[in-house]
Amino acid sequence: MSRFFATGSDSESEESSSADEITPKAPGTNIRQSLLLSDDEEDTKRVVRSAKDKRFEELTNLIKTIRNAMKIRDMAKCLEEFEQLCRAFLKSKTIVDKEGVPPFYIRLLADLEDYLNQLWEDKEGKKKMNKNNAKALSTLRQKIRKYNRDYETEIAAYKENPLESADEEEEKEAEEFGSSSDSDGEGDEAMTAKSFLKKEAVPEASKFLKSAKGSGDESSSSDDDEDDEGWGSDTVESGSESSDEGEGKSSSLAVVFLKKTQEGEKPSDKKKDVRKKRHRKKERLEEEAEEEAGEEGDGGWEKVRGGVPLVKEKPKMFAKGTEINTAVVVKKLNEILQARGKKGTDRAAQIELFHALAAISNEHNLGQGILVKIKFNIIASLYDYNPNLAAFMKADMWLKCLDCIDELLDILFENNNIFIGENIAEDSENLAISDQPFRVRGCILTLVERMDEEFTKIMQNTDPHSQEYVDNLKDESRVCGIVDRLLSYLDAKGSTEEQCRVYLRRIMHTYYKFDYKAHRRSLGLQGETKSEQDQEDSEGEDSAVLMDRLCKFIYAKDRTDRIRTCAILSHIYHHALHSRWYQARDLMLMSHLQDNIQHADPPVQILYNRTMVQLGICAFRQGMIKDAHNALLDIQSSGRAKELLGQGLLMRNMQERNAEQEKIEKRRQVPFHMHINLELLECVYLVSAMLLEIPYMAAHEFDARRRMISKQFHHQLRVGERQPLLGPPESMREHVVAASKAMKMGDWRTCHSFIINDKMNSKVWDLFPETQRVREMLVRKIQEESLRTYLFTYSSVYDSISMETLSDMFELELATVHSIISKMIINEELMASLDQPTQTVVMHRTEPTSLQNMALQLAEKLGGLVENNERVFDLKQGVYGGYFNRDQKGGYQQKQGYQREPRGSYQKQGSYQRDQKGGYQQKQGGYYGGNQGGYYGGNQGGNQGGYQGGYQGGYQGGYQGGYQGGYQGGYQGGYQRGGYRNQNHY
């Protein structure tokens, strides 16, 4: 039907005609649309963002959620989101390391901490909270406080100028937004035809047109609004009026053109925005200045940033016109002290306030009493700067602390009328200038002890292989100087207990140091130059004299066991370090510390272990090999020498030591400059064990019951034997094992070459003060023990051997060889005799040969097997009139049977019974006999029983009992005791 015959209004006809005219364009547009959208059918725009944008967007979203929860006081939500925020920040650590901590993150941390402090101080509000919110508030408060310690400088910078940091943050966000909008504009140029032809793109053009018209009057803006409302109908009408397709194209091109012009004008808009923000910033600063001036005028109002109240940084010290006197300063001091330890208190600002107060008191000449009290509080605040026990003081705080203590001691030395003490009550303090002496509550000794502990913590937490450790160690001279000054002060004014405490502090800084200058003087050596000689002459007393004086004072005056114990151990350590073996040994034996040291606290036990190790090393240097081995045995046999000496922690399972215990043990560690060389310690122990064990192994080669002197040494020997390929030794242990094998063969030269060479010298022997003397002692000991080993091993080969031959073989003096062989004969280790005229050793053939030794061992084992079989048979069968009955303890007891008498015969009284722990026990006899008889004989050996018989019992019989019978009873008969056959003889 033709459109001319259709009924309806003109508008309808116009709409239909316009529709008919537009329809021919549709196929072309559809083809173009399908071609353009073949790659990406979805009508979505892909945005490529950097990792930084993704991470920071995640952080900002979490921060918004936290701020919303803060507004409604939802602490549980705050806690949950804060934990997520911490995890998200940890994920973005790599980006933060590159870019720095974002300002919005610092801003949240500062605002959240202030907000939580405000809530915590609001007692009424806390009461109204439900249980979950109150618990979450407490938890979050602790977490944010602990978390903010890592960002103290950033938070302090933010709090000093919160508005500037906020403006910087806004500028950064604007720049990021501008860059993102630029990237969006570039992306829009590549839009598809479908999205371009959609009507959603038209309002963007209309907005641009509206802005292009400029800021006109209200009528123009209202007209624009009307145009926006009727934008759709206008486009349709314009389409119906235009019969040309070119005009439609030009309108669409206009839209594209207008978008490009908008993009071109964006940079200028961005510059305008930055200018506007700077202008706003200036206006804010001017407003703040005006408000501050108004506050000074009427003191009424105070501007608070939206959302979170700010904590006041520095309260005013004194109002204008206030008269400064002692009472006012003390009142202000107490006000500052009231904030100490509270949450949200700026500890650095508090220290500055104390310094300012001290300066004010100096200006107004309020006297030294109030100055001493302020100094006490300054030092205490420096110690409280790190509330965590494990944390150590920063370098600037440490130097401030040393300076303050020095200043305090200067004041105390200059003014004898100042009395300080912990027992002075605050009410009885006298701080004002008067005829009476100043009385100040405080303890200088406690401050110095804490300073010493802080120095130890600094050394524990510094990398020992860095230059920083060396620089920190240089401060020890200042620490010792302060302790010495305090020592002289307390000698004049302190009590005996305080003197003992400060004496111990001085001892602990002296006992582990080797006094090289005193050592040189003892050897008669002098300085090479005159300046060195003058310096040695001008120096004070030797460390030995100082230690002796301090320790003897503590021995006489101390009333606490701990200080005396530490002093004794330090004195022994110092004696042993300087090779005074006999003094150190006698002091250790007289103290009886080894009896009850297990009840001491761990630091004292560590000191005891260090002392025993140093004692063993001293004995080794003096050639006391057995004493050295005995002193080092407990530490080395445990396998935990590093841990027992407080020089590090061994890896353990979490069941044995949790994180808290590990922190406690780390605080007990000894600083690196006090360590004992563990490789030197192990080498000394293994060499001592070698010199004792190898001759013993050679003497008891065929002894089945041979005991081990050192398990660790045997373990090293087994490890060396298990190696499939034996090359030249490399480590210290391999050198000792190779030397042991050479000594076992009597080859002392090879043993000497393995123990003393360039590699072992650099690792071990050069670390001793008297290196050459130690090497000479080692060579002599190796020669002597190699001689003993040679005689034990090859004595069965010789009928006689000349002592001169032995002297030449082992390069020992003839008198030394004679002495060694005489001791071996006297101790019955060597069956031989000395022929003095010919200077020979004549061997006696009393030792069994190796075949005889093996036969004896076989006979012993067979006898044991027979006895065990008989015992098992008796227990199973219950023969010899015995029977089993269950006793009250749950075990079986044989009421009647055969039991060995004390004198060696079997008696019908019940041989074996089960004891309380479930094992079988022989009541009055046994396989090996009793007091006077048995399988191997008794206490008197062959006279009263033995291998082949004896007077009262033996293997094949005896007077009163034996294996095959006897006069009074035996295994197969007896006259009075009974047996297999009731007869007198076998």
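**Aromatic pairs.** I began with the aromatic rings of this predicted model, counting rings of Phe, Tyr and Trp (its six-membered ring) as paired if their centres lie within 6.5 Å, and the count came to 18 aromatic pairs. One of them, which I looked up individually, is formed by Phe82 and Tyr147, edge-to-face at 5.8 Å centre to centre with 85 degrees between the planes; by the rule I used, planes under 30 degrees apart are stacked, over 60 edge-to-face, and the rest tilted.

**Conventions.** I note that residues are numbered from 1 along each chain as its sequence is written, and that side-chain values use heavy atoms, with hydrogens and water left out. Since the model is predicted, local features need pLDDT of at least 70 and side-chain atom pairs count only at pLDDT 80 or more, while totals for chains, interfaces and linings use all residues. Helices (H or I, at least four residues) and strands (E, at least two) are DSSP runs, numbered from the N terminus.

**α19 and α20.** I next looked up helix α19 (residues 395-414) and helix α20 (residues 444-460), whose axes come within 11 Å and cross at roughly 155 degrees; axes are lines fitted to C-alpha atoms, for helices over the stretch in contact, and angles run from 0 to 180 degrees between N-to-C directions. That angle makes α19 roughly antiparallel to α20, given that angles under 35 degrees count as roughly parallel, over 145 as roughly antiparallel, 65 to 115 as roughly perpendicular and the rest as oblique. The crossing of α19 and α20 is left-handed, a term for a near helix turned anticlockwise from the far one by less than a right angle, with clockwise giving right-handed. Contact (heavy atoms within 4.5 Å) brings Trp398, Leu402, Ile405, Leu408 and Leu409 of α19 against residues of α20 including Met451, Glu454 and Phe455. I sorted this contact into 11 nonpolar, no polar and one charged residue, with Ala, Val, Leu, Ile, Met, Phe, Trp, Tyr, Cys and Pro as nonpolar, Asp, Glu, Lys and Arg as charged, and the others, Gly among them, as polar.

**α23 and α26.** Among the contacting residues are Tyr503 and Arg506 of α23, and Phe553 and Lys557 of α26; by class the contact has 10 nonpolar, two polar and two charged residues.

**α34 and α36.** For helix α34 (residues 678-699) and helix α36 (residues 732-744) I noted an angle of about 15 degrees, with the axes 10 Å apart, which makes α34 roughly parallel to α36. The crossing is right-handed. Residues of α34 including Glu679, Leu686 and Met697 meet residues of α36 including Arg733, Val736 and Lys744, and the contact divides into 11 nonpolar, one polar and four charged residues.

**The sheet.** I then turned to an open sheet of three strands in the order β3-β5-β4, with antiparallel pairing; two strands pair if DSSP finds at least two bridges between them. The edge strands β3 and β4 each pair on one side only, and the twist averages 20 degrees from one strand to the next. Helix α40 (residues 803-810) packs on the sheet, touching β3, β4 and β5, with its direction at about 60 degrees to that of β3. Three bridges join β3 (residues 800-802) to β5 (residues 840-843), whereas β4 (residues 832-835) pairs with β5 over four bridges. Val842 of β5 is the bridge partner of Ser800 and also of Ser833, while Leu834 stands opposite Val841. Finally, I recorded that β4 and β5 form a hairpin with four residues between them, where Gln839 in the turn has a positive phi of about 55 degrees.
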